[in-house]
Amino acid sequence: MKAAYIEQYGGSDEFKVGEIEQPTIDADDVLIEVHAASVNPVDWKLREGYLKEMLSYDMPLVIGWDVSGVIKEVGANVTDLKVGDEVFSRPDIARQGTYAEYVAVDAHLVVKKASLPELRGGRIIATRRAYGMASHVRSDGCETG
């Protein structure tokens, strides 16, 4: 699979883009086809080696720990997710990251994306709750009862 990875700690010039082995999954994992990954401050800190005393990695290291995508494979113990589910996750930082075509993630760290009707309903409920709470709070932050 294609991935952005490092083979040693250092500056941004250490990033390489190339082919590496696709991750394999364990019984409690899912394999996610990555549709989107984000860049966060922890990514450059790991790349530079600032956290190497706390986190030990085998190189090459794929960085990136936020993902949105589609499940392509599920482990034997996974019962609440299935192939084809659209999901997002913040994978375990102790494992390989998300700057790749695929990432293996422990299923308990994966959430199904909500459908548009679910999102609309959730926003309405959240708005009503926020309004209800706001109507019982004075401008100085104290509840009115």
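Which residues of helix α1 (residues 41-48) are buried? Select the helix and you'll find that Asp43, Leu46 and Arg47 are buried, meaning under 20% relative accessible area, with exposed being over 50% and partly exposed in between (1.4 Å probe, protein chains only). Look down the axis of α1: the buried residues fall within an arc of 100 degrees, so they line one face of the helix. That arc is taken from the directions from the helix axis to the C-beta atoms.

Before moving on, a word on what you're looking at. This is a predicted model, where local features need pLDDT of at least 70 and side-chain atom pairs count only at pLDDT 80 or more, while totals for chains, interfaces and linings use all residues. Residues are numbered from 1 along each chain as its sequence is written, and side-chain values use heavy atoms, with hydrogens and water left out. Helices (H or I, at least four residues) and strands (E, at least two) are DSSP runs, numbered from the N terminus.

Show β2, β1 and β4, which form an open sheet of three strands in the order β2-β1-β4, with antiparallel pairing (two strands pair if DSSP finds at least two bridges between them). β2 (16-19) and β4 (61-62) stand at the edges with a single partner strand each, so one side of each has no neighbour in the sheet. Zoom in on Ile6 and you'll see Leu61 of β4 opposite. β1 and β4 pair over two bridges.

Now pick Val74, in strand β5 (residues 67-74). Is Val74 buried or partly exposed? Val74 counts as partly exposed because its relative accessibility is 29%. Show its contacts (heavy atoms within 4.5 Å): leaving out residues up to four places away in sequence, Val74 touches Ile25, Asp29, Val30, Leu81, Lys82 and Val83. Val30 is 44 residues from Val74 in sequence, but their C-alpha atoms are 4.4 Å apart in space.
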